[in-house]
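Dear colleague,

Please find the structure below, handed over for your files. My notes on what was found in it follow directly after.

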Amino acid sequence: MSSAVLSAATAASFRRACAGFEPELLSGADCAALAEELAATEKACGAARLLAAARAVACGAHKERGFNDGAGWMARQVGGTTGQARQGLETAARLKNCPATKEALLSGEVSLAQAAEIVKAESETPGAEAELLPVAKRSDLGQLRDKAREHRQGGTDVNDLHRQQLAARHFRHWRDDLGMVRFTGALPPETGVPFVNRIELAAERARRAVQQAGGEPERFEAYAADALVAMATGEGPARSARADLVIVCDIFAWRRGHTHPGEVCQVIGGGPIPVELAHELAKDAFLKAVLHDGVAIHTIKHFGRHFPAELRTALDLGPVPAFTGAQCAECGSRFGLEYDHINPVANEGETSLSNIQALCWDDHQAKTERDRQAGLLGPNPPYPP
């Protein structure tokens with residue numbers, strides 16, 4: 001029996017086993033272990049399926065099955081679109097130049113989506129695979145995409161990058177099955193970041209108001225939608241003293257007018273920008289330009305809920321020296337973040353850089369509940385900062 005026939009028979013046998021699966025017959029711990037093993041198996045099967053399909057298309061085997069287009073045949077097998085199938089074929093071709101990623105994919109350590117991100121980044125900026133593959137093995141797809149984006153931006157001349165961003169800006173809209181107006185768009189960081197920052201700030205205010213009134217808050221995204229409409233109609237709240245845009249720049253680059261290797265000039269949450277653009281943006285009163293001035297943020301600490309301005313700025317900047325902005329310590333999200341005391345103030349936790357983490361609303365609520373169950377919040381836990 002050939003290896004191909006043996007592989008097909010094994011796959012068919014596995015499907016029959018899955019058809020009779022009854023999770024209620026297993027304990028929760030057993031189901032968790034099985035889910036983890038099946039996740040790795042699913043990734044490995046997806047890799048084998050893609051490579052087998054790519055080989056079949058390359059040999060023209062799809063034509064023997066009545067398909068003129070190999071991508072169309074692939075799409076039929078997986079129940080996807082032809083566009084997705086073409087992307088899969090492109091990923092399979094690029095895997096030839098990324099042997100370590102191919103090995104990790106076939107062993108079930110990374111998913112097809114993660115592999116696609118890695119091989120695409122490697123094709124655009126050689127050397128990306130060595131940096132991104134370890135991230136893929138320990139993180140989810142969102143965090144990998146963030147790292148891949150940072151790698152691409154770091155490997156592109158900042159002026160060329162900004163020209164590409166300006167050329168790529170767009171706005172599109174359509175109606176969905178419910179009649180809802182949906183839209184997608186792209187803005188360069190100097191306009192996109194302050195735009196979403198204002199929406200998030202207004203949404204957070206609205207949600208806090210409901211919580212303080214004792215109501216049950218809706219999803220953060222619902223309040224963000226309301227904030228967007230209010231901004232568009234001119235009915236939104238007045239600007240606050242809080243900066244809409246934060247730029248961090250090496251002081252020598254700021255004075256010189258351009259960066260040298262190892263120096264940064266970037267929008268927090270948006271990536272690198274030319275120093276010349278930073279100077280132009282600095283004319284806006286609602287921009288905060290953070291220059292390297294030697295303030296030792298790690299020395300700021302006290303026992304209370306108040307965040308000194310220097311500490312909050314340091315938290316917003318993210319890890320040094322990348323300055324990639326704050327993100328949820330649990331899921332990596334950058335949306336709707338709140339700052340949490342790792343060791344709660346009620347348990348004598350200090351307000352310091354080492355004891356503060358950013359969490360999205362859902363993870364913050366879960367963390368607060370864990371602290372409450374552990375008895376760390378006292379009889380009357382304070383409202384989250």
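Helices (H or I, at least four residues) and strands (E, at least two) are DSSP runs, numbered from the N terminus. This is a predicted model, in which local features need pLDDT of at least 70 and side-chain atom pairs count only at pLDDT 80 or more, while totals for chains, interfaces and linings use all residues. Residues are numbered from 1 along each chain as its sequence is written, and side-chain values use heavy atoms, with hydrogens and water left out.

I begin with the loop between helix H1 (3-19) and helix H2 (28-58), where Phe21 lies. Phe21 is partly exposed, at a relative accessible area of 37%; buried means under 20% relative accessible area, exposed over 50%, and partly exposed in between (1.4 Å probe, protein chains only). Together with Leu25 and Leu26, Phe21 forms a nonpolar surface patch with about 300 Å² of accessible area. Patches are made of residues with over 30% relative accessible area and no salt bridge, like charges being joined within 9 Å and nonpolar side chains (Val, Leu, Ile, Met, Phe, Trp, Tyr) within 5 Å. Accessible areas come from the Shrake-Rupley method with a 1.4 Å probe, and for residues only the protein chains shown count as cover.

Next, the interior. A nonpolar core is a set of buried Ala, Val, Leu, Ile, Met, Phe, Trp, Tyr and Cys residues joined through side-chain atoms within 4.5 Å. The largest such core has 17 residues, and those touching the most other members include Leu105, Val110, Ile118 and Leu133. Two or more residues each are given to this core by helix H6 (99-106), helix H7 (112-124), helix H8 (128-138) and helix H9 (141-154). H8 supplies the largest share, 5 residues. A second, separate core of 13 residues has Leu50, Ala56, Ala61 and Ala75 among its members.

Ala75 is also one of the buried residues of helix H4 (residues 70-78). The cover over the buried residues of H4 includes H2, helix H3 (61-64) and helix H5 (82-94), where contact means heavy atoms within 4.5 Å. After H4 comes Gly79, with a positive phi near 70°.

Turning to charged pairs, a search of the whole structure finds 20 salt bridges, each being a side-chain nitrogen of Lys or Arg within 4 Å of a carboxyl oxygen of Asp or Glu. Glu109 and Lys137 form one of them (3.7 Å, N to O). Glu109 lies in the loop between H6 and H7 and Lys137 in helix H8, so this pair ties together parts that are 28 residues apart in sequence. Another joins the side chains of Glu117 and Arg152 (3.8 Å, N to O). Because Glu117 lies in helix H7 and Arg152 in helix H9, the pair ties together parts 35 residues apart in sequence. Both Glu117 and Arg152 are buried, and they belong to a network of salt bridges that also links Glu124 and Arg145.

Lastly, two loops. Glu263 is placed between helix H13 (251-256) and strand E4 (265-267). The side chains of Glu263 and Arg256 are joined by a polar contact of 2.9 Å, that is, a pair of N or O atoms within 3.5 Å; within protein, one must be able to donate a hydrogen and the other to accept it, and residues adjacent in sequence count only if both atoms are side-chain atoms. Glu348, in the loop between strand E8 (337-341) and strand E9 (351-352), is not a glycine but has a positive phi of about 70°.

With kind regards
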